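I opened my notebook to walk through a structure that was new to me. Here is what I looked up, entry by entry.

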Amino acid sequence: MQRRDFIKIASATTGLIAAGQPWTAFAQSVTNGVLNVAINPEPPGLMVAIIQNGPTQLVAGNIYEGLLRYDADLNPMPGLATSWTISEDALTYSFKLKPGVTWHDGKPFSADDVVFSVDKMLREVHARLRSSLVAVDTITAPDANTVVFTLKYPFGPFIGLFEVGTMPMVPKHIYDGTDYRTNPANNTPIGTGPFKFKEWIKGSYIQLVKNEAYHEAGLPGIDGIYFHVIPDAASRAAAYESGKMDVMPGGTVEYFDIQRLKALPKTEVTTKGWEFFGPHCWLWINNRAGPLADVRVRQAIMYALDREAMKNVAWYGFGKVATGPFSTTTRFHTDEVTPYPHDKAKAKALLAAAGYKGETLRLLPLPYGETWQRFAEMARQNLAEVGIKVELQATDVAGWNEKLNNWDYDLAFTYLYQYGDPALGVQRNYTTSNIQKGSPWNNVSGYSNPKVDDLFERGAKEPNATRRRAIYAEAQKILVDEVPVAWLIELEFPTIYRTNIQNLVNSAIGLNDGFARAKVTKA
Amino acid sequence: MGDFWRRFRRNKGALVGLAILILVLCLALFAPLIDSGDPWAMVQRPFLPPFEIAHTMFGTDTLGRDIGTGLVYGARVSLMIGFVSTVAALVLGVTLGAVSGYYGGWIDATLMRFTELFQTVPSFALAIVLVAIFQPSVGSIVTAIAIVSWPPVARLVRGEFLTLRQRDFVEAARLDGQSDLRIIFVELLPNAASSIVVMASLMVATAILLESSLSFMGLGDPDLMSWGFMIGAARTVLRQAWWMSVFPGLAILLTVLALNLVGEGLSDGLNTRLGGGRGNAGL
Amino acid sequence: MNRARFAARRLAQGLVALLLIVVVNFFLIRAAPGDPAQVMAGEAGAGDAKFVAQLRQQFGLDKPMIEQLGLYLGHVAMLDLGQSYRQQRPVAELIGERVPATLLLTGAAFVLSLLFGITLGAWSSARVGTWGDSLVTTVALIFYATPLFWVALMAVLVFSIKLDWLPGFGMATVGQDFSALGHALDVAQHLVLPAVTLALFYMAIYARMTRTSMLEVSRMDFVKTARAKGVPRGRIWRVHILRNALLPIITLAGIQAGQMVGGAILTETVFAWPGIGRLMFEALLQRDYNLLLGVFLFTAAMVVLFNFLTDVLYTIVDPRIELR
Amino acid sequence: MPASDPVLQIDGLDISLPPGGDRPLAVSGVSLTLAAGEALCIVGESGSGKSMIANAVMGLLPGPHVRPTAGRIRFDGQELLDLSESQMQTLRGRRIGMIFQEPMTALNPIMRIGDQIGEVYRSHLSIGRKECRERVLAALADVGLPDPTRLIDSYPFRLSGGQRQRVMIAAALALEPALLIADEPTTALDVTTQAQILKLIRALQRRRGMALLFITHDFGVVAEIADRVAVMQRGIMVEAGPARDVLDRPAHVYTQKLIAAIPHGQTSDRAPAMAPAALLELDQVTKTYRLPGGREVAALKGVSLTLRKGETLGIVGESGSGKSTIGRCVTGLTPISSGRILFEGIDISKLGPKGLKPYRGRIQMVFQDPYASLNPRHRVGSAITTGMLMQGIPKAKARDRAVELLSLVGLGAEALDRYPHEFSGGQRQRIGIARALAMEPELLVADEPVSALDVSVQAQVLDLFDQVRKKFDLALLFITHDLRVAAQMCDRVAVMRAGELVEYGEAAQVLRDPRHAYTQELIAAVPRLERAAS
C-alpha cells in the first residue's frame, strides 16, 4: 500500500484531479512568519487516521504527531515518545511518553490515548496499518506515560511503523465510542502537533495557526501556514513566480516548469524528504501468458529500455535509474545484481532465442498527465527499435485501476512507495500469497517463486538486521535475474522553496512531518 | 455540370480552399513518400527550435520527435477521422431526416423529439463523455463525433423533404404506383443532394475541429499522431516552446478553413443557400 | 392558447426531457470502466479489496442498478442532488460554487459575440462587394474555422506570456489582499482573455448569419414597397430589414446560449477558469456519478429554459407566430 | 383625350439586361406620354419588358446591370434619369405612387398596417403622431376598407389578398400623387376581387384627376380600365393608341395573335359520342381537414356529379372553393371523409393501396405548375416511362411508347434525354400530358393545366387537350378558375363555392342564363373585350 495520490502530477492539460477555486482569500507574505504552501488536489478531509491520501498528510503532519520520527537514514528519533526499549527476543517494545503534552483543546495526552489510537481506531479505519498490526499481540498502558507492545512473532520492520502518517495519535476523549467516519470532529481536527486547525474555505485555502502550548519549547518557528488550493499547474507556477507562494511541495510543479522556477532569484530546490516513501517506478509485466511468460523476453525488455535517456528527457534529469526491486533509500538495498545496460543487440538476441514472433503487446501508460504520457511513448519507441511491437492503450484513472485489478494488460506503468522496509513496501509485489485480483498494488504480475516467497517470509520475521540484509540480498539477486517486472526509475519529487526558509526538510518524510522546525529569516 | 464549375470558379475563396484541400489530401495520401520518417521516432534533441536544422525545419517536441513528420502524418489522421465520422453521421442523419420529413405526423414528432434530446446536452460535453466511456481509440472518437453531428443533418434533410413532399412530381410518382421507399430515395433524395453535399463539407470541417479538441483534452488515440494531440502535448511547455503548438494549430486552421471555403463554393455552384447556424464545433 | 397554458405545457415537456436525460446518462456513465470506489481507494493508497467494498457500500453502489436509479430520482424530485463521493460535499453546493464563474464567462462572451456579430454582419451586408465586406466575411470565416482551444492558447502566448498585459490563468490572483472593488477589477482582468476568445468564435457565427439574413430580407418585396413609398434608406435598413433579419438570429442565439452554459470546457481548461465545464470533465474522470449527473441536469435545465425563452421572445417579436 | 401638358413623357428609353441574357436590351426605343387623368395600359406577355418601364420611371430597377442606358423620362418638369437617389426618394410616394403584383409579400409582415401607411406621411411631412393617425384612418376609409380603427393596429397576415391590395393603394395615394403606377396589381387576385380593385382604382383616378400607368398581360383588364394602350413584344413597343381602336382593329400582327388567343368564352356546340353509362360518379363526397390549431375546415360538403366516357366536365370556382380537392380525391391522392367515388361502378375511395393497384394506370392527372410537375433531377424520358416500368412493361417497349407520345404532343424524340430545366413552361406541360397518357388512362384529371402559362401558349395547350381527348376517347375532368376556358373546353360545367356545388349543367346553358346568383356574379366579373371604356 502506498500514498500515491499526493505524488500524482495533475497535469495542466487533463486537469485530472482538481477542486474549484472560487474566491481566494488573502494571505500575508512570508516575511511576517506565515508560510504560503501550494497544495493540489484539495484534500477530501484532514482526519489522517481515516484518509491517507497525499494532500491530507501534508496538512495533517502539522496537526497530529506520531510516537517516533525518522532521520534520512530511517533511524528512529524521539517524537511523542522520548525513549523506547526492544526486548532481547524482539517481542516486546516499550515506549516512554513525553510528560506534560496536551491536546489542542487543552486535555492531557496520555498512554490511554496511544492504546485507544492503535488498538481500536486505527485497527479499524487505517487500511495500511491494519495489515502490519496482525503481528501485534497486546498493547497495554502500565502507567500514564508508558506504552508496551507485545508481538506474536518477531517482526523486523515494526520499529518503522511509528511515523505520523502510518500511526497518528488521536484524542480518545473525542473519538472513543463514536462512529469514527462520521464524527463531526473530523472537520475540526484536534491533535498534539505544533499547529492548530483554524479555517478551511473549500476550494480556496486551509489556515493553520501556531500551537502556543506546543510541548517543545521555542517551536514552531513560524506563526501560521496557509495551504492554497490551486488546481491548475500553470497557475501554481505563476503563483510562485509572482511571489505569492513560498513553498511548492513535490508534485505540485510540473517537471518542465522546475527548470524555470529553479533559475528564479532566492529559490532553492531539494529532492530530500522522500527517503521513507522511496517512490519506485517500474513496468508491470503479465507473466501469465504469451511471450511475456518467457524470462528471456522479459530480460530482452530490460536491455531494450534506454532508462538513462528516459530519466534525462522525460523526467528532465530528476530521479535515478533503478537497479532492482529495492529503492536505494529502502533498507537492505544491494547493488550486487546483474546490470541491464541499454543493449539493443543483446535484446534482439534474447528475443530470437525465445522465438518471439512479433505479436503486438498492449502497453498501459499511467494516466497522470503529460510527463507519464511522454514516458510511455519513449518506452514504445525503445521496444519498437528491438522489434517488439507495442500498442498504447489510453485510459483514465478509473480505467487504469480496473484493467490492473482484472490483470487485463500485457505491460503497464506504475510506481509504488516502499515505506523504508522491504517487508512493508516490497514483499507485497513479489510473493505468491499476494496474487489476488481486485488491487493494482499487490502481485499484479503473477510472478511466483517459492524460494523468493520463503526468503521474504524469513526476512520479515528475522529480528537481527545483518541476517535480514543477507536474506534480502539473495532475494534481490534472484528477482533481478528472473525479471518479474521491468524496473525503470527511482522517482524524485523536488520541493521548491524560498532561500530565507531554513531547515524546511528535517526528516525521512519531509514536509509530511510538519513545519515545526522550519525557521524563517528576513528576506 | 459545366455551369456548376463556372459558378464554383467565380467564388475566388472556393478556389483557394480547393487548392489547400488538395495539398492536405496529398499530404495525407502520400505521407510516406513525402516524409519517410516515423512521427514517433526521437530523431533530434528535444526542444529544438524551428528553422535551425535543415531537414527538421519545424523543430522538435519535448521528446525530440520531428514536428514536420508529425504534421504530415497528422493530416492523414485528421482527414480520415473527419471523413469517416461525417459519412457515419450522414447515413444516420439523412435516413432519419428523410423518414420524418416524408411521413410527417407522429413519426416526425417522435423522431424530432429524439433529435432534440441529443441537442439538449452540449455537443462537446457529450462527445467527451462518450469517448471517456469507451476509452479513447479511433473507433470511439469516430462514433462519438458521428453521434454528436447527425442531428443537424437530420434537421436539414427533414426541412428539405417537408417542402419537396408537396411538389407535384411526388404526387405524380404516387400515381405511377411508386412505393414510398422508392419515392424517398429515387425521387426526393437527389433533389436534397446538393444541400447535403454542402453540409457534408462543413461537417468534415467540424469533425476535424472536434477530433483536435478531443485529442487536446487528452482523449485522443495514443497510437495516432494527430494535430490535436501535438497541440495538447505542447500546451504545458507553451512558454519555452511556442512552435510546438503554433504549427499544428495553423495546419488545423488551414484545413478547416479550406473545407469551409469549398463548402461555400459548392453552395454557390449547386446554388443552394444553407443557413449559417450549423451545430457548434465545440467550445 | 394563452401564455400560462403554453408555459405549463412547455414546462411539462421540459421536465420529461430532463427526466429522459437523467435516466439515459445514469446508465451511460455507469458503462464506463471503473467506479468511484476504485478511484477513491487508489487515491487513499489503500487499495485492498475490503476497503474498496467498504467504500462501495458507503456510496450505495452495491445495490442493484435499478434501485440506485429509483433512489437517485427520489432525491432529485426533492431537489436533493446527492453527495459527491470524491469531495464529500453536496453536489448542489459544488455546482453552486461554479455557477457564478460560468455565468460570468459565458454571459460576457454571449453579449460580446451577439453585439459585435450582429453589428459587423449588418455593416458588411450594407456594403456588399466592397473590400470592407469581404474583409469581415473572411475574418469571420477564419475565426469560425479555427480550433477554439488553439486561439485560446495563442491568446495566452501573446497577451499573457510575451506581452504580459493580461493574466492568462485562473479567475483571481492567488493570495492577493483586495478590497471589494480591487477584487472585481482583478477578476475582470482575468475575464478578458477567456471571454474574448470564446466570444470570437460565436461572433463569427452571428456575423455570417446576420449578413446572409440581411441580404435575403433586402431582396424581399416589402423592401421594394418601402422604397416606392419614399421611405429614407436609413429607416428601411433599421426598421424593415434589420428587424426581419433578426428573427433567425434569435433562434440561433437561444440554442447557443443554452449550449454555452454547459460546454465552455475548452476555454475553461486552457484558462483554468473554475466553471461548470471543467467540473463536469473532472467528475467524469473521477467517475463521481452524482456530481456528473448533477451537472448534466443543470446544463440540460439551462438548455430547456433558454429554448422556452426563445420561443416566448419569438412570439413577441413575430406576431404571425402564436403560442401553440 | 385631355390635351393638357403631359404629366409623364418618355422618349427613346433603352434599359440594359445583365450579360448572357436572351437579348441585350430589356426595353429599347420606348416612347410614350401620359396626361393627367388619363389611364395608359402597357400590355405584353411575360418577359416583354413592360414592368421594366414602370420600375425605370420609379427608379427601382434591380442592381447594376439593369439600368436605363438611353432616352429621357420627364415628369413634373424634371428629368428623372438625372436625379440623385435622395432627390428621387423625395418624389416617390409624394408625387408618384406605385402598387405591386404580390399582395401577400408586399407588406412588412411584422409591422402594423397603420405604421406602414403612416410611414409615407412621416417620411415626407413633419406631422405629429395624432394627426398622422387620423390621416391614415381617412386613407383606409377612402379605399373602402371595413372598420379602419380595428385594421390600423392589426398585422398584414390577418388580411385577405384583396384587403392588402387596398392597403397598398391607400399608402400609394396617401399624399395625392400626380401619377399612380400599377404593376399587374390584380393578377394574383380572384376574378371577383380583381373586378372590385379595378373599379376602385378607376374611381380614385377619376376623382383625383390622377395619371395612371397600368401594367398587365390580360387584355380583358385593358378593356376595363385603359384610355390608351401600348403593346410590348420582347422589349419593343409594337403598337400604341386609343384602347378601343387597338382592341377592335389591332394593326400589328403580334397584337392580332394575342387577341385571337384569348379564350372567347363561346361554348362549342360539339356533341361528343358519349357512352350511356357513367364512367365516374361522385355521391355526396365530403372532405374535412383538421388544422394544427385544432380547427376543422370542410373542403367538400356533399358533392355529387357524374362523368361519362368521352365527356369533359369543367369544375369552376375561385381559390378555396374545393375544386382542386375534387381532383385529388378522384385520383386517390387524398382520402375522403365520407360519401362514395364510383369508377365503373366500384367505390374506389374505400380501396386500400393494394385495391387501387389495378386502377393505377386508368386514372391519371396533369398538374398546374409546369415547374413542379417534373422531377428536375430526372430526364424527361424516365419521367414518362417510370409509370409503364412499374406496370412491368419492358424497357425498350416503354421507350418506344414514350417517343410516340412525345411526337403526339409535338416534341421530338431527342427530348427523352434532356432535363426539365431545358424546356419552356408550355413544353413542360406537354410533357406532363405525355406522361399522363403513357398509362393509357380512361379518366384524365387536369388541375388548372394552363393557368400558369402565357395566353398564347395557353391556347396551344388547350388545343392539344382537345386533340388528345378525341383521339383516346378520354373522360376529362377539367379544373379551372377561368370561366372563359371552361366554356370553351367543357361539355358540362360544375360551379363550386366554399366546398358546395352551386350550379351544374350544360356548358352553354350555365354560361348563357346562370340560375345561381354566385355564378352570375362570376360571369359578370370576367373582363369582357366588348365592354368599351366608358
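**Entry 1: ground rules.** I call two residues in contact if their C-beta atoms, placed from the backbone, lie within 7 Å. I also keep in mind that this is a predicted model.

Entry 2: On the α7(D) side I found D:V191, D:T192 and D:A195, and they meet D:E521, D:L522 and D:A525 of α20(D). Sorted by class, the residues of this contact are four nonpolar, one polar and one charged.

**Entry 3: how they cross.** Two packed helices are described by the angle between their axes and the distance between the axes. I looked up both: the axes of α7(D) and α20(D) come within 9 Å and cross at roughly 55°. The two helices are therefore oblique to each other. I also noted the hand of the crossing of α7(D) and α20(D), which is left-handed.

**Entry 4: the faces of α20(D).** Which residues are buried in helix α20 of chain D? In this helix, which spans residues 517–525, I found D:T519, D:L522 and D:I523 buried. Seen down the axis of α20(D), these buried residues fall within an arc of 95°, so they line one face of the helix. This made sense to me once I recalled a general point: an α-helix has 3.6 residues a turn, so residues three or four places apart point the same way. On the face of α20(D) turned away from the buried side, I found the exposed residues D:A517 and D:A524.

**Entry 5: what the buried side packs against.** The buried residues of α20(D) have several partners in chain D: the helices α7 (191–208), α18 (483–489) and α19 (507–512), along with the strands β19 (492–497) and β20 (500–506).

**Entry 6: chains side by side.** Which chains have the most contacts between them? Of the five pairs of chains that touch, chains A and C have the most. Chain A and chain D do not touch, and I noted 46 Å between their nearest C-alpha atoms. Chain D does meet chain C, in a contact that takes 24 residues from chain D and 19 residues from chain C. On the chain D side, α2 (85–91) and α3 (113–124) are the elements that give two or more residues. The most comes from α3(D), with four residues. By class, this side of chain D has 13 nonpolar, seven polar and four charged residues.

**Entry 7: a look at chain B.** I found 11 helices and zero strands in chain B. Of its 283 residues, 59% are buried.

Note on methods:
Residues numbered from 1 in each chain as written. Chains lettered and ligands numbered in written order. Predicted model: local features only at pLDDT ≥ 70, side-chain atom pairs only at ≥ 80, totals over all residues. Nonpolar A, V, L, I, M, F, W, Y, C, P; charged D, E, K, R; others polar. Buried ≥ 20, exposed ≤ 12 C-beta atoms within 10 Å, placed from the backbone. Arc of directions from axis to C-beta. Axes fitted to C-alpha atoms, helices over the stretch in contact; angles between N-to-C directions. Parallel < 35°, antiparallel > 145°, perpendicular 65-115°, else oblique. Left-handed = near helix turned anticlockwise from the far one by under 90°.
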